[in-house]
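Please examine the sequence and the three-dimensional model shown below. The paragraphs that follow lead through them step by step.

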Amino acid sequence: MASTVVRPRRGDPGARRGSLYRGGEGMWSWVAHRITGVLTFFFLFAHVLDTALVRVSPESYNLIIETYKNPLVNLMEVGLVGAVLFHALNGIRIMTVDFWSKGPRYQRPMLWGILAVWVLVMIPGTYFMLERTVATMFGGA
Amino acid sequence: MTTVSPNSAAAAAEANQESYRGIEAPNSKRRRVASGKNFEMYSWLFMRLSGIVLVVLVLGHLFIMNILDGGVHRIDWGFVAGRWASPFWQMWDLTMLWLAELHGANGLRTVINDYARKDTTRFWLTMLLYASVVLTIGLGSFVIFTFDPTMGG
């Protein structure tokens, strides 16, 4: 059976530029949205299970939380916040593309916009989240 | 000229209405969606509506827990007990749990549908997903509703 997919020719300006999802920023933001979403889903599963230990006993809850108090988990917290923040900002961008009449036209500049916001939030965010770990590891406090 | 019987005219009208329910290739035959004609539309809408609420609930939760309250180093049983003593935070966490789990499950359902090649693989992955949703929402709600702050003595 012949394929119905029309392959855009290389260098054809209309074919690639006009597509929201095939190649370019539109596709990569979609990929990143999926990856950050799936990672957050698995985190949520683990997070509900560990928090459920508050119902078992204070000792068992404190025991598992103690294992989280180390630099590696601290770094993973920064990763989680970064992933969720990207997912949230890109989600807002998707909603503007879907519901705002001019959204599709500005999807590309809006992606650069949310990435700028992400960087601006993550710089102080990372500082405050890692402050304690860095001070303990290198400050001798 | 062929005469159109009332029956086939009604069928044609129905087919015409049916064709407005989704994007179809021109001149394609009428395609019936297996079950729940509008389910995918509602799930699409749910992702956006829950997404708006989750932006506030989840980013608020992350900001308070990880930045204002200093992260996991401050967390212990007493911290959780103090927090869930307030109905406000109980409702916040319960709403967040339900919306985040259903939002995430619907996203994962889409991912499974996109990448599972065999019907059996798709079926079992979806069942595993639904089981984890029932466990997470059930256990989480149970814990929030039955939590006893006096347990610590």
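Why does B:T126 count as buried? The relative accessibility of B:T126 is 12%, so this residue counts as buried, a term that means under 20% relative accessible area (1.4 Å probe, protein chains only), with exposed over 50% and partly exposed in between. B:T126 belongs to helix α5 of chain B, residues 119-146, where helices are DSSP runs (H or I, at least four residues) numbered from the N terminus. Between B:T126 and B:T150 there are 40 Å in space, C-alpha to C-alpha, and 24 residues in sequence.

The model is predicted: local features need pLDDT of at least 70, side-chain atom pairs count only at pLDDT 80 or more, and totals for chains, interfaces and linings use all residues. Residues are numbered from 1 along each chain as its sequence is written, chains are lettered from A in the order in which they are written, and side-chain values use heavy atoms, without hydrogens and water.

Consider next how the two chains meet. In contact (heavy atoms within 4.5 Å) are 37 residues of chain A and 42 residues of chain B. Together the chains bury about 3300 Å², 75% of it on carbon and sulfur atoms; buried area is the accessible area (1.4 Å probe) that two parts lose on being put together, summed over both. A:R34, A:F41 and A:R55 supply 20% of the area that chain A buries against chain B, more than any other three residues.

Two salt bridges are counted between chain A and chain B, each a side-chain nitrogen of Lys or Arg within 4 Å of a carboxyl oxygen of Asp or Glu. A:R34 forms a salt bridge with B:D114 through their side chains, at 2.6 Å from N to O.

Note on methods: Helices (H or I, at least four residues) and strands (E, at least two) are DSSP runs, numbered from the N terminus.
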